[in-house]
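Good morning, colleagues. Please look at the model on the screen while I describe how its parts are arranged.

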Amino acid sequence: MRYGNGPEVLRDVSFTLEPGTFHFLTGASGAGKSSLLRLMYLAHRPSRGLVTMFGHDVASLKRGELPPLRRRIGVVFQNFRLLDHLSALDNVALPLRVAGARESQVKEHVAELLSWVGLGDHLNDKPATLSGGQQQRIAIARAVITRPSLLLADEPTGNVDDRIGMRLLHLFEELNKLGTTIVIATHNEMMIERFGYARMVLDKGMLQHLPRGGGATRIA
Ligand SMILES: Nc1ncnc2c1ncn2[C@@H]1O[C@H](COP(=O)(O)OP(=O)(O)OP(=O)(O)O)[C@@H](O)[C@H]1O
């Protein structure tokens, strides 16, 4: 993968994510974590090589085939990308409404999830009036509310204290138990150690895969 005519920021990256697995994605700042996530949520096509998502070769998708695939992927962006004119509740409700969920169920379901992440008192607040950590939790709630097949999160605990960080990790684990494949990009070594899931390590655009509890295997 390269941006425009720039240098390749990812090369010799080869892996398969088995459905229902849980991975941490790590690597120094600038190693390419966000770029790899961008390929995985289909926002960027590879400049060479193959990306297959849910059995489809991404390069051969026709217009119109991409949105249904994207709807199966929940994303927590590093900068949240919340809609400022919508309340916390309406931000999280959006993917459910887009998917055609019945309005009678939407509010109750969203309020329950927001309460679970500690935002029960802020349902009607706009993102700009909330702290970075509170905005991050709205972004996480929005990404998980539809129970996606794949959840990608870029530093999802970067703005919260350890207690809330652990709670959010448990939320991802619950989702994982329901079958969602999870990839979390993080610098948080303590969290990686404590949860012990398989680790994908990027170094200068190259990937190493460290299985749960195992040694390093270079896959390329
Ligand atoms: N939009 C862009 N245009 C051009 N180059 C980019 C762009 N985004 C990232 N890069 C470059 O791609 C490389 C990888 O960046 P990326 O953001 O993927 O790293 P990262 O591992 O996520 O870093 P961090 O931990 O700091 O978020 C860097 O050299 C960066 O300068």
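This is a predicted model: local features need pLDDT of at least 70, side-chain atom pairs count only at pLDDT 80 or more; totals for chains, interfaces and linings use all residues.

Let me begin at the domain boundary, where 11 residues of domain 1 are in contact with 10 residues of domain 2; two residues are in contact if their C-beta atoms, placed from the backbone, lie within 7 Å. On the side of domain 1 that touches domain 2, β5 (150–154) and α6 (162–177) each supply at least two residues. The most comes from α6, which gives 4 residues to that side. By class, this side of domain 1 has 9 nonpolar, 1 polar and 1 charged residues. Here Ala, Val, Leu, Ile, Met, Phe, Trp, Tyr, Cys and Pro count as nonpolar, Asp, Glu, Lys and Arg as charged, and the others, Gly among them, as polar.

Residues are numbered from 1 along each chain as its sequence is written.

The domain assignment gives domain 1 as 1–72 + 148–220 and domain 2 as 83–146; such bounds come from an automatic or database domain assignment. The C-alpha centres of the two domains lie 24 Å apart.

The protein has 7 helices and 9 strands, where helices (H or I, at least four residues) and strands (E, at least two) are DSSP runs numbered from the N terminus. Its C-alpha trace spans about 50 × 40 × 30 Å along the principal axes.

Pro 156 counts as buried because 28 other C-beta atoms lie within 10 Å, the cut-offs being 20 or more for buried, 12 or fewer for exposed, and partly exposed in between, with C-beta atoms placed from the backbone. Not counting residues up to four places away in sequence, Pro 156 touches Val 76, Gln 136, Ile 140, Leu 168 and Ile 184. The C-alpha atoms of Pro 156 and Ile 140 are separated by 7.3 Å, with the two residues 16 apart along the chain.

Finally, which residues are around the ligand? They are Tyr 3, Gly 6, Val 9, Gly 27, Ser 29, Gly 30, Ala 31, Gly 32, Lys 33, Ser 34 and Ser 35, each with its C-beta atom, placed from the backbone, within 6 Å of the molecule. By class, this shell has 3 nonpolar, 7 polar and 1 charged residues.
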